[in-house]
Amino acid sequence: MGVTHSRAVLWGLGAAGVVLGTTAAVLKAADGSHPVPDVVLTTSAGALFVAAGLFAAVRVRANPCGPLMVLVGLALFAEDLQLSQDPVVFTAGLLVAHVSTPLVLHLVLAFPDGRLEGRAPRALVAATYIAAVVLPAVGTPFVDWAGRFPAKPDNLLLIVDAPGFTTGLLWTMNACGLVIAAGVLVALLRRWRARPALRPVLVMALAGAACSAVAAAIEPTYAVAIAAYKVAFCLWPLTFTLGIVRTAPRAADLTNLLLALRGEVDLRELLARTLHDRSLRLGEWDPVTRTWQFRDENGELVTSAPGERTVTLAWSENGPIAAVLRRDTTWDDPRVLEAAGTVVRLVTEHQRKLDADRARLAEARRTGVRLVELADAERQRVERDLHDGAQQRLVVVALGLRMAQQRLDTRGDPELAELLASTADGLDAAIVELRDLARGIHPVALTQGGLVPAVTALIERTPLPVELASPTLPRFLPPVEATAYFVVAEAITNALKHSGATSVTVTLDLDADRLHIRVCDNGIGVLNGSGSGIAGLADRVRALEGHLRVEGNSGVGTAVHATIPVGDPLCAT
Amino acid sequence: MRDLTVVLTDDAALFREALAGVLGRAGFRIRAQLGDAAAARAAIAEHRPDLAVFDIRLPPTHTLEGLVAAAEIRESHPDTGVLVLSQHLETRLLRMLVRSSSRGVGYLLKERVTGIQDFVDAARRVATGGCAFDPEVVRALTRGDPLGRLSEREHEILSLIAQGRSNMAICEQLRLTKKTVESHVRSILLRLDLHPQPDDHRRVLAVLEYLRPWSEEAYRLALPPPRT
């Protein structure tokens with residue numbers, strides 16, 4: 001049952017409430033048989049129903065409960081029209097004397113969705129409408145109110161006064177009332193178990209029913225019980241309203257939701273707070289099994305418990321995202337759910353993009369490291385081949401030449417001996433050059449000892465005073481160590497070849513996860529004269545996600561500064 | 001004087017044969033030629049040679065197996081002189097070799113073999129309990145003398161001391177009088193704040209120790225990383 005209502009209808013209902021309420025209060029007061037507290041209580045109950053109903057109608061437009069509550073309030077007032085001395089109003093009041101009962105029952109059984117679910121509640125409500133509206137209307141023409149009670153005005157619908165018929169009708173109504181009451185009790189108990197969120201409302205309904213039953217059954221307690229019943233009745237619309245207000249969005253919650261967009265947050269926790277349900281869980285649609293996947297705080301899959309409901313909050317690329325609530329959301333402001341859904345979608349998409357970016361970055365990083373590793377492995381292989389192959393062979397050849405030269409010395413062919421000696425000398429020089437070349441390709445000390453020993457060995461060979469400032473460094477992954485070493489080696493070579501420096505300072509430093517390499521000389525300050533050596537190294541450093549900067553100022557010297565991350569995943573060893 | 005015995009360990013057979021030729025011709029008796037450290041240990045335990053020559057790189061990892069084996073031999077066979085040959089020299093490795101004494105130990109570049117006589121002299125010194133450190137080691141060590149405390153001549157003499165030469169040998173090589181050399185040596189030790197030592201070997205050790213103050217940490221860092 002979809003009910004839509006314009007603002008005008010709501011205003012009309014409100015105005016009707018005011019008119020009827022005032023009329024009823026005035027009539028009750030004028031009647032004289034009702035004490036003041038009773039007038040106040042019944043008027044309040046009606047007014048509260050009208051107000052709560054209007055409030056609910058504004059908040060949840062599609063839900064018929066709001067208008068139903070207004071009607072209950074109007075009916076409560078209308079029932080008092082029979083107190084009027086005006087025959088027309090009096091007669092109208094007779095027709096609607098019991099009209100609030102079916103409306104209240106309808107409201108209780110339809111609350112909070114506004115729908116009567118199942119045949120039994122529908123039948124109950126229909127039966128009550130018949131018993132409380134149709135039967136009294138049928139009986140009305142057969143009671144001569146003015147004749148029976150001198151203070152009453154004329155019954156304008158009177159046909160004939162038939163006390164026997166009307167007594168029978170009253171008995172029928174009472175019997176129907178008993179059967180309906182039993183049915184209602186069963187229906188309420190079933191709702192009690194199915195919808196825990198409704199319990200406060202149901203308690204009110206049951207308390208009211210109990211009070212009225214006690215009042216009807218035990219004559220002496222009538223006054224007290226009926227008063228309690230009326231108080232309970234007042235509280236009932238208040239309970240509805242409180243429930244609605246409690247679930248109303250607070251500015252702070254919405255702000256928190258928006259702040260969630262900025263960084264990483266516990267979305268579940270935040271939604272639980274915003275939607276007022278601590279047990280809230282977030283679910284994702286599994287397109288494969290075409291089911292919802294709900295996880296608890298530990299990420300374990302959970303099935304939904306009875307009484308829980310799934311609310312779709314947002315649609316993401318992977319399908320809908322939903323929340324499981326233990327609480328009833330019928331009375332929630334749909335705008336809150338919508339806002340929550342928007343935030344969930346944005347956060348989820350943001351997170352997904354972030355994850356994708358991270359994955360891409362990690363992949364690029366891995367590729368860079370792999371390339372550097374590959375190049376290093378190749379250099380290492382070449383170095384080993386030179387050392388173990390060519391260099392050793394050359395040493396053996398040089399040795400042979402020396403031995404031949406020694407023999408010639410003893411046998412006396414000085415010219416040939418001289419030739420052999422100079423050839424051997426040339427070979428020796430070639431061996432030294434080869435050794436330096438191999439070491440420059442990939443220093444063994446780097447593989448075996450790490451960065452500091454390798455740099456120390458490099459400095460020992462450098463024909464320049466080089467000062468090394470370094471803490472004890474741990475071992476890093478080979479690409480990091482090799483790159484750092486080559487930066488130092490290239491900077492020192494440049495200082496030697498191009499800048500005319502007389503001293504060099506090498507500083508190695510490690511902060512949380514980055515290795516800082518700084519090589520400063522006191523030369524003429526070379527920026528681009530360093531050639532492709534430093535440029536190639538900058539590529540290498542970038543491949544490891546680091547950066548390299550060269551500063552050159554005449555008179556101040558050249559400073560090469562490189563930073564290489566050594567943190568995860570580079571220091572996996 | 002009996003012939004000095006020697007065990008050679010190098011996985012490069014060509015070079016090992018050439019080395020055996022040089023030492024054999026110089027009067028050494030080659031007891032065994034081996035290609036890896038395990039075999040070398042067994043052979044040295046069996047022959048108890050005067051001299052064990054190791055290539056610093058040996059199978060299986062070709063990193064420092066030869067050096068590690070040499071250091072062990074120095075512990076277990078103090079009478080065997082140990083000579084380590086390397087394609088290139090690193091001062092950080094000296095500590096492993098020269099732990100408590102510089103007796104019967106040498107560390108030379110492989111290519112020194114071609115300076116046949118010098119090499120044979122060095123081998124003989126090590127075999128008879130002396131020491132022989134490559135001139136490059138000393139150059140590398142003293143290059144870092146930032147205060148410039150030593151004169152050129154003193155550097156030269158210090159280098160020869162580290163190579164294991166006696167004062168007498170230094171006199172001959174530099175064509176100086178014994179007195180001059182002795183006064184230079186005293187001056188070197190004084191400038192380096194070292195107490196004069198009567199023993200040549202301890203003198204060498206003291207110089208090496210002074211020039212490169214090793215720490216246990218530096219020693220550990222010099223070891224190859226554990227392979228996984």
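## Chain B: contacts and surface

Two residues are in contact when heavy atoms of each lie within 4.5 Å. By that criterion, in this predicted model, residues 24 or more positions apart make up 67% of the contacts in chain B that have a separation of 6 or more.

Chain B comprises eleven helices and six strands. It has 228 residues, of which 56% count as buried. Its accessible surface comes to about 10,100 Å², and carbon and sulfur atoms account for 51% of that area.

## Chain B: confidence

The mean pLDDT of chain B is 81, with 79% of the residues at 70 or more. Within this chain, strand β1 (residues 5–9) has the highest confidence, at a mean of 96, whereas helix α11 (residues 216–222) has the lowest, at 45.

Over residues 213–228 of chain B, pLDDT stays under 50. For this stretch the model has 30 contacts beyond four places in sequence.

## Chain A: a five-stranded sheet

Strands of a sheet pair through backbone hydrogen bonds, in either a parallel or an antiparallel sense. In chain A, five strands form an open sheet with mixed pairing, in the order β6-β7-β8-β10-β9. Strands β6 (466–469) and β9 (547–553) of chain A stand at the edges; each has a single partner strand, so one side of each is left without a neighbour in the sheet. From one strand to the next, the twist averages 10°.

Strand β8 (residues 514–521) of chain A pairs with strand β10 (residues 557–565) of chain A in the antiparallel sense, over seven bridges. A:H516 stands opposite A:T563, which belongs to β10(A).

## Chain A: helices on the sheet

Helix α16 (residues 451–461) of chain A packs on it, touching β6, β7 (504–510) and β8 of chain A. The direction of helix α16 makes about 165° with that of β6(A).

Helix α17 (residues 478–499) of chain A also packs on the sheet, where it touches β6, β7, β8, β9 and β10 of chain A. The direction of helix α17 makes about 10° with that of β8(A).

## Chain A: annotated transmembrane regions

An unreviewed UniProt entry annotates "transmembrane region" in chain A over residues 39–58, 65–83, 89–111, 123–143, 163–189, 201–218 and 224–245.

In the model, residues 65–83 of chain A are 74% helix and 0% strand, and the end C-alpha atoms of this span lie 29 Å apart. Residues 123–143 of chain A are 81% helix and 0% strand, with the end C-alpha atoms 29 Å apart.

Conventions: Residues numbered from 1 in each chain as written. Chains lettered and ligands numbered in written order. Predicted model: local features only at pLDDT ≥ 70, side-chain atom pairs only at ≥ 80, totals over all residues. Heavy atoms only, no water. Helix = DSSP H or I, 4+ residues; strand = E, 2+ residues; numbered from the N terminus. Buried < 20%, exposed > 50% of the residue type's maximum accessible area, 1.4 Å probe, protein only. Areas by Shrake-Rupley, 256 points an atom, 1.4 Å probe, with all protein chains shown as cover. pLDDT = per-residue confidence, 0-100. Pairing = 2+ DSSP bridges. Axes fitted to C-alpha atoms, helices over the stretch in contact; angles between N-to-C directions. UniProt positions renumbered as here; feature names shortened; annotations may be inferred.
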